[in-house]
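Please have the sequence and the model open side by side, and let us walk through the structure together. We can begin with a pair of charged side chains and widen the view from there.

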Amino acid sequence: MSQCTKRTSLLNYTQQFKSSFITKRFNSVAAKEVLKQEVVTKPVVAYWLYFNAAMVFSIVVVGGLTRLTESGLSITEWNVISGMKPPRSEAEWEEEFEKYKQYPEYKILNRHMTINEFKTIFYWEWSHRMIGRFIGASFIIPGLYFASRGHMSKRVAKQTFGITALMGFQGFMGWYMVKSGLSDALMKEPGAVPRVSQYRLTAHLATAIAIYGSTIFVAADIMRQNKIASGAYPKSVASMINNPVLKRFRIATHALGGLMLLTVFSGGLVAGLDAGLIYNEFPFMGEGIVPPKDELWSDKYTKPKDGGKWRNLLENPTTVQFDHRTLAETTATLTTILWLYSRRLPLPKNVRIATNTMMGAVAVQITLGISTLIYMVPIELAAAHQAGALALLTSNFWLIHALRRVPL
């Protein structure tokens, strides 16, 4: 073979190699772009999650009303399917009323209750359970559809499955809570008040908030990812959010959220113990800001193996109310400080609005809390106070998410 022929052959081989390399590289990049497009969850999934979050908000409020109207123990059985149908005939109502009469709440508190009065508390509890069933169905059925149609990324599918599992656990927690108020052991305790365990009530509330918060964050993430993928997310906003100067503000926002959650959970203990019905004044508790020491740390709530009086923090209505007041006042003070600090920072419009909303929400919530206390827990104010707590948490969730770094 001549030298010229060898040179030509080598040149052809080199060109083929370059062409093959470029083609493979192009196909690899194209495949990555396609994959990137496939993993972005469709906005309709976010709208669906926001709808379910709104339903969870509503069931928390209805649950509070069920507690305030002392209706939670009116249905003494848990039947997922047959329990959907309320009594229709007088005979069915009499049968349901007879079941209720077998338990401590009727025997101790409601021996003079009429069947029409029973119907009122029955429908409160029945409505609460039906909303729960509706939320379960509206989460599972559309969720399966979206997943089967490829509208969700694998990550979002796993997240929604986790939330669905948490909903199943919440159903169990609801019945576990109700069972604590149906125990015959209450009949043997001198001065016992038939009501659900404050521990189980607070756990039930905590699970509801976990479902609500998770749903909000997943939905917000989907909307942000869609904006990033489509190039609609403003780079100027991303630049401001990623600014290192916001690091302390971001950490403080998370810490404040933890304090808000702790305050809400202490409110669950207050509700479970009816602790809002004592010391109906503000800012004093009796003759001072702090109630007497022997009342705060009473021996009445200690048990032989406790090794201290810590149980007062969870079971003594006076201590529980004092703790809730202190946590609420601390939350309001720190929120105000954070809001004042935010005025000095270069915040995007969305973050600024979220911060202002949180400040407004805490002002309304403190007003509702004090009003609920001094008017001795009227149902309307108490329900508004519970809704206000969830609204305040929502504003904090919004702020936390709005401050998340943007990977651009």
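Glu98 and Lys101 sit three residues apart in helix α3, which means that about one helical turn separates them. Their side chains meet in a salt bridge, with 3.3 Å from N to O. Glu98 is partly exposed, at a relative accessible area of 37%, and Lys101 is partly exposed too, at 23%.

Now turn to a salt bridge between two loops. Asp274 pairs with Arg195, and the closest N and O atoms are 3.2 Å apart. Asp274 belongs to the loop between α9 (247-273) and α10 (293-296), while Arg195 belongs to the loop between α6 (154-181) and α7 (198-230), so the pair ties together parts that are 79 residues apart in sequence. Asp274 counts as partly exposed at 27% relative accessibility, and Arg195 is partly exposed with a relative accessible area of 23%. Arg67 joins these two residues in a network of salt bridges.

Across the whole structure, a search finds twelve salt bridges.

With those pairs in place, step back to the overall fold. Of the contacts with a separation of 6 or more, 78% are between residues 24 or more positions apart. Buried residues account for 42% of the 408 residues in the chain.

What lies inside? The largest nonpolar core has 54 residues, and the members that touch the most others are Val45, Leu49 and Phe249. Helices α2, α5 (115-148), α6, α7, α9, α12 (317-342), α13 (349-374) and α14 (379-402) each give two or more residues to this core. Apart from it lies another core, of eleven residues, including Phe97, Tyr106, Ile115 and Ile121.

Beyond its neighbours within four places in sequence, Phe249 is in contact with Leu338, Tyr341, Ser342, Leu345, Leu347, Val351, Thr355, Leu399 and Leu403.

Two further residues are worth a visit. Thr319, in helix α12, is buried, with a relative accessible area of 1%. Setting aside neighbours within four places in sequence, Thr319 is in contact with Glu295, Leu296, Asn312 and Leu313. Phe134, in helix α5, counts as partly exposed at 42% relative accessibility. Not counting residues up to four places away in sequence, Phe134 touches Phe51 and Met55. The C-alpha atoms of Phe134 and Asn52 are separated by 9.7 Å, although the two residues are 82 residues apart along the chain.

Which residues make a nonpolar surface patch of about 390 Å²? The patch is made by Trp78, Val80, Ile81 and Met84. Ile81 is placed in the loop between α2 (43-68) and α3 (90-101). At 66% relative accessibility, Ile81 counts as exposed, because that value is over the 50% cut-off.

Finally, a word on confidence. The chain averages a pLDDT of 89, and 89% of the residues score at least 70. Where does pLDDT stay under 50? This happens over residues 21-37, for which the model has zero contacts beyond four places in sequence. Where pLDDT is low, the predicted coordinates should not be read in detail.

Conventions:
Residues are numbered from 1 along each chain as its sequence is written. This is a predicted model: local features need pLDDT of at least 70, side-chain atom pairs count only at pLDDT 80 or more; totals for chains, interfaces and linings use all residues. Side-chain values use heavy atoms; hydrogens and water are left out. Buried means under 20% relative accessible area, exposed over 50%, partly exposed in between (1.4 Å probe, protein chains only). Contact means heavy atoms within 4.5 Å. Patches are made of residues with over 30% relative accessible area and no salt bridge: like charges are joined within 9 Å, nonpolar side chains (Val, Leu, Ile, Met, Phe, Trp, Tyr) within 5 Å. Accessible areas come from the Shrake-Rupley method with a 1.4 Å probe; for residues, only the protein chains shown count as cover. A salt bridge is a side-chain nitrogen of Lys or Arg within 4 Å of a carboxyl oxygen of Asp or Glu. Helices (H or I, at least four residues) and strands (E, at least two) are DSSP runs, numbered from the N terminus. pLDDT is the predictor's confidence in each residue, from 0 to 100. A nonpolar core is a set of buried Ala, Val, Leu, Ile, Met, Phe, Trp, Tyr and Cys residues joined through side-chain atoms within 4.5 Å.
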